[in-house]
Structures are given as C-alpha cells and as structure tokens.
Amino acid sequence: MTLAVRYVSARVLDTTAVEEAPPGRGEVVLAPAYVGICGTDLHIFHGDMDARVGAPAVLGHEMAGRIVAVGEGVEGWQPGDPVTVMPLRWDDSCPACRAGHQHICQHLDFIGIDSPGAMQQRWTVPASTLVRLPGDLPLDRAALVEPTAVAVHDVGRAQVREGEKVVVVGGGPVGVLIALVARGRGADVRVVELSAHRRVLAEELGLAVWDPAAVDVPELVREWTGDAGADVAFEVSGAAGGVETAVDVLGVRGRLCLVAIHPRPREVNLHRFFWRELTLVGARLYDRGDFERAVALVADGTIPADRLISKVVPLPEAPAAFEALEGGGDVMKILVDCGTPQEARA
C-alpha cells in the first residue's frame, strides 16, 4: 500500500492508503519526492472537471523524484535515477498525432487528471514519460520543471524574439515563468498583476510590474513602446479584464498568446484584431523538447525555482494546502512533500 491524496468530490480531498501498482512491461515505479499544486489541480478541487475526472482520483503532475523499480523491457533507467515526468500518454493514431502533434492528441491521457497522478508515495508510470534530471539539481526545485516547460512552450508558440516588447497579463506562477523565459530570450518584459504579494516577488526577480488597479496599462505601454504597442501579449490571468488588456496593449501585427484556461466564453474586441492585423495563438501543454529545455533553465538558475516556492507541506496536509491556494495572492507555489525516505529525496 502507498499513501495518496485523492479527489473525492467538490472541495473534498482525502489522504488514504491505496494499492501500489507493480511495474508492468515498459513501466517504472517512482518515489515522488515533491509534487506541486497547480491551477488545474484547483479546478479539479472545485469540482469544475467532474465530467473528466473519475473520483476518487489521485492528483498531481508537477513532480520530481527517483526511480525505485524498473519493469520488464525498460532500458536506460535504473533505481536511484533522479527524474521528472512529462505526464502525457497519447494514442499515436488520431489525426493530431499523425500530424506530429502528439502532445494535443485527440484522445490524450493527461496523467494526474485522466489517470492516477503523482501525489502519492509510490507512482507507476510508463518509462516513456521519464525525463532525466541532473544529479546535483535539488528535487524540490526540479518539481518546477513541468510548469517551466509550459512557459517554454508558450514563449515558443508566441515566437518571442530578442528585443521584442512583451506584456504578460497575470503574475501567478506560470505568468512569472513566462516572463522569465521570455527575458531569457532577450525580450523586454512587463508583467501586469493585481496581487501586491506577487508584484513584490516579481520585482525581486528583476521583472518590471504594473498594478492594473493603479495605472492605465495601455497608456503605459504606449509610452514604453513609443506609441508602437507591444509585439506580444500573454493572457495568463483567466479573467475577462485580462483578455481586454492583452488585446489593447498590442501593436500592429502583434501576437496574443492565450495561456489561461477560461471557464466560459469571453468577449473579444475583434475590430482591434481586424484593424491592427493581430494574431491569436493558443498554447497548451508541451513536448519533450520543451521539457528538456525547462530542465536546463531550472538547473542553470535562469529560473530561480527556490524563490517561487512559497512553502512545502507534508503529504497529510495537502488538503489544507489546496484551501490555502484558493486565496491566490499571498502564495506562489506550494509543494507537497510525499514523505519518501531521505535517501530518495537527496
């Protein structure tokens, strides 16, 4: 048996012992050391994804840990290897897969949503999902590789180039990661964020941040860009006002990258799209190249992962951590320590 955090019903989580699955052919058993709680996990917690998530469901997909057992047919991996997981399993036969877009397979199994996740002391996954970690990278920091891979993919989808003016609307974990990745590409970045706590953290990371409740963001962008407008805007807030701001700051032929999951349709100023020949791109998940790039960015300090971790809680306290994250503004990233032996976390 292994201890796990499960979604039971809207706003109800439990921590209980579940059966430990032995590794089948092509599978490995992991000892997750740290698992991050993300916005999608909160959507599940609120009951917003009940049509997709079969309760009781073990949550979690942002993780780092070590291999503890290897199944038949697995090559190149051995117990003790430090790893993270790209939590995607695709069918390789749908039109999206055949076109080379396996990460958005039309029958995608997102592990941790559609199948059991990482918030448990032992986790069995396909070896094909493993991504190797440097041996000297602390596993708590490595737990931020998955959200960093999201940011790498987003910045790639928006085709951010050196010297471009970029506005990130929403300074939560993914928004800050997007800003850091874009800055690493040589872009000039501004972050728009309502939360004072998150603004302070972003500023401590060297990012320029605006409070949309206190300033006229489109006007500041006009001043900043010499009336040209931003080249790229990322909508990461998930709010109607964020969409409006992201559209309004763009210059001629600017690109809007939609990152946030909007729970309902939003009004969009399509006249602005027509008048300025704007482009809208969606960005969902990542591919292996994004993950490997994210490992490098966390390992070399481009992503200061330790600064983004607000707190670490033991696995039995994970349900309370979900409630703490609902307020949003005073925390950035909470990690769950899955309670594996010290040698597995070192």
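## Salt bridges

The side chains of Arg307 and Glu204 form a salt bridge with an N to O distance of 3.3 Å; the term denotes a side-chain nitrogen of Lys or Arg within 4 Å of a carboxyl oxygen of Asp or Glu. Arg307 belongs to helix H11 (residues 305-308) and Glu204 to helix H6 (residues 196-204), so the pair ties together parts that are 103 residues apart in sequence. Helices (H or I, at least four residues) and strands (E, at least two) are DSSP runs, numbered from the N terminus. Arg307 is partly exposed, at 37% relative accessible area; buried means under 20%, exposed over 50%, and partly exposed in between (1.4 Å probe, protein chains only).

This is a predicted model, in which local features need pLDDT of at least 70 and side-chain atom pairs count only at pLDDT 80 or more, while totals for chains, interfaces and linings use all residues. Residues are numbered from 1 along each chain as its sequence is written, and side-chain values use heavy atoms, with hydrogens and water left out.

A salt bridge also joins Arg161 to Glu164 (3.2 Å, N to O). Arg161 is partly exposed at 46% relative accessibility, whereas Glu164 is buried at 8%.

## Nonpolar cores

The largest nonpolar core has 101 residues; Leu30, Phe234 and Tyr286 are among those touching the most other members. Such a core is a set of buried Ala, Val, Leu, Ile, Met, Phe, Trp, Tyr and Cys residues joined through side-chain atoms within 4.5 Å. Helix H5 (residues 173-184) gives the most to this core, with seven residues. Apart from this core lies another, of 16 residues, including Val167 and Leu256.
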